[in-house]
Amino acid sequence: MQRSGGPTIDEVAAAAGVSRATVSRVMNDRATVAPDIAERVRAVARELRYQPSRVARSLSLGRTNSVALVVPDLANPMFQQILRGTMAAAAPHDYRVLVAETAENTRDEAEVALEARQRCDALVLAAPRTSEDALRELLPRLEPVVVINRHVPGGTVPTVRVDYGAGVRSMVDHLVALGHRELAYVAGPPSSASNALRVRALDDARHRYPGLRVTTVPCGPTVDAGYRVADRVLATGATGVVAFNDLVAFGLLARLNEAGVAVPGDLSIGGFDDIELARYATPSLTTAAVPQADLGRRAWELLHARVLGVERTRLGAEGVALHITPGLVVRGSTGPVPPARHRDADAAGSADRSEAETARWRAADDEWVLATADGRALGRYSGGTTMPGVHSPRPFLHPVHSLDGVAMTAMSPVDHRHHYGVSLAVADVNGTSHWGGRTYVRGQGPTLLANHGRQEVTATVVTDDGTTLEQRLRWLDARGGVQLTERRRLAAAVLPGADAWALGWHSTLRAGDTYLEIGSPATHGRPGAGYGGWFWRLPTGDEARVVTPDGTDVHGSRHPWVAVARRTGEAWSTLVLVPRNDDASDPASDQASDQAPDQAPDPWFARVGDYVGLGPALAWDAVRRVPAGTELVVHVVAAVVDRRLDADDAQAVADLAVSRVGAVQGTDALAAGA
């Protein structure tokens, strides 16, 4: 009868000419065996493909080489990532991680934890829901143990904790900066200690922002719970929501979409945790980001030190506590308070903005926010580092809003995922796409190529009392080589009495040692598709109309300014764009880049039917040439207006905007670092 299974320890011992005990000592890494004998035993084991029994090894060593992770809800991706982080950190130490779930049942939590501990060498207890007294009594029976996201006063058990209060503070600060003064907190489980920390932070926010109203809506930690309380959230009258976690926010988004409530147009929503699906929600979710897998890794490091008997480690001053601060990730689910709900609208009036005649840039995490003196956010300028490579990563402005909070930009819309608000995006620079998406190939059509470059910010400074943002950038080709360097200045000003604010964008592009050719689909055989250059993508409204100085078409024209009036509901807004011709581009260019200020600007590329987007084109129907060592200037002034303009009004606003932000070449604050 043939024996089943692999080789036994007795067979290894016989083949190596040693005793069974010697094989056991070698397999358990005991140092009591002579090196030459140990190597002979290992060689035989490899040849026979012998695998020692983990059960037998556990009995021999007096340990299982396994730890247990106890979580309240395995359906929550937050705890799944903690598990992954723990497993990844434990594996190199030959430890396995077993997982147990309490299903949010506080009555069974102690029993589940004790049973898991009996089967393993140590325990990680994640976000325990039991009371403080019960937890203090339980923990000594679980030693060695590490606790995630729970503070045990007076205890010596190592902990890894997220600063939930800091995360909530950053979310509230973000919403308040957008004009929200009526908030709803969609709460988590009452037994959750992190829920109590969030509530405490919201209480603090009421003191920091007099007049701020926060209504708590009891909920829970799941998508279904968020879905079920959405109507109660609407009944609070809030304009902004702080959700207990991302899952709750997903439930809210689903129900609000069914009810026809626009997010963030009618209601802004912020989540917590930044689980993997947050960026893929519709709209993408603004959230307080927690490095979830890192929680598991840190917990293992503390637990491993505990198993080894190390009382103090490099991980904390006392070796028992680690604190992690969430970072705010701003996406599409939050925006300015709806104009009709702005508390100051009636008192101030649309024409009297004496308290907000200044717009200044301020740092916000890794981005920059442009806001008025009274706190209304007009635009957010992002570095583009998180953009997919296929979109040609670049800095961009989004969201951009009018003074009354009307959305004026779209980011990564369904029709063109590579459109990002306002940016300098060029379809073809010596074969590299700085536009994103597909490249038009003559005779073949739009084709996805591995030719996407990126724009990399190397330095940023704010000047002119905060009204101007200056940057240095490098344009890198698809292989990472430098094609261009750029000096960029973004100047902003409120236009009193015009219901408007203005932005001046001035970019000086300098070619390096290589002769550059800037092209477009039009230069490759697709007439009328001369896009590429400074481009503004607007959101879709109920109606859009183009206004030009003489009433003629805009696409392919050289109008000195162009305006797009958009209606959303009953509200009209207008974007006025003025390309400036005060540049010093190379005279060898095919497209009048050396023209005098009174000459016509570059042709306009414009779409208003299938989507709304426009900008002056660098390569409308002929290649734009930039010899090595020469410069190309892109200069556009934009005005965002909270009313519908006719041609005469648009001309007046264009002149006013140019007078305020048109001359942005001033002193170069970054010249020393050029």
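Strands here are DSSP runs of E with at least two residues, helices are runs of H or I with at least four, and both are numbered from the N terminus. Two strands pair if DSSP finds at least two bridges between them. Axes are lines fitted to C-alpha atoms, for helices over the stretch in contact, and angles run from 0 to 180 degrees between N-to-C directions.

Val 462 has Leu 469 in S22 as its bridge partner. Contact means heavy atoms within 4.5 Å.

This is a predicted model, in which local features need pLDDT of at least 70 and side-chain atom pairs count only at pLDDT 80 or more, while totals for chains, interfaces and linings use all residues. Residues are numbered from 1 along each chain as its sequence is written, and side-chain values use heavy atoms, with hydrogens and water left out. The mean pLDDT (the predictor's confidence in each residue, from 0 to 100) is 85, and 88% of the residues reach 70 or more. Over residues 311-319 the pLDDT is below 50; this stretch has 18 contacts in the model beyond near neighbours in sequence. Residues 583-598 also have pLDDT below 50, with 39 contacts beyond near neighbours in sequence.

A second sheet is parallel. It is open, with 6 strands in the order S2-S1-S3-S4-S5-S11. Strand S2 (96-101) and strand S11 (321-324) are its edge strands, each pairing on one side only. The twist averages 15° from one strand to the next. Strand S4 (residues 145-148) and strand S5 (residues 159-162) pair over 2 bridges. Val 147 has Thr 159 in S5 as its bridge partner.

Now the interior. Of the 674 residues in the chain, 54% are buried, meaning under 20% relative accessible area, with exposed over 50% and partly exposed in between (1.4 Å probe, protein chains only). A nonpolar core is a set of buried Ala, Val, Leu, Ile, Met, Phe, Trp, Tyr and Cys residues joined through side-chain atoms within 4.5 Å. The largest has 71 residues; among those with the most contacts inside it are Leu 69, Val 172, Ile 269 and Leu 295. Helix H12 (residues 246-259) gives the largest share, 7 residues. Leaving aside neighbours within four places in sequence, the contacts of Leu 295 include Met 78, Ile 148, Val 162 and Ile 324. A second, separate core of 47 residues includes Ala 359, Val 422, Ala 511 and Leu 516.

Last, His 391. It lies in the loop between strand S15 (377-382) and strand S16 (396-400). Is His 391 buried or exposed? His 391 counts as buried, because its relative accessibility is 11%. Beyond four places in sequence, its contacts include Ser 412, Arg 417, Tyr 420 and Trp 435. His 418 is 27 residues away along the chain, yet the two C-alpha atoms are separated by 4.9 Å.
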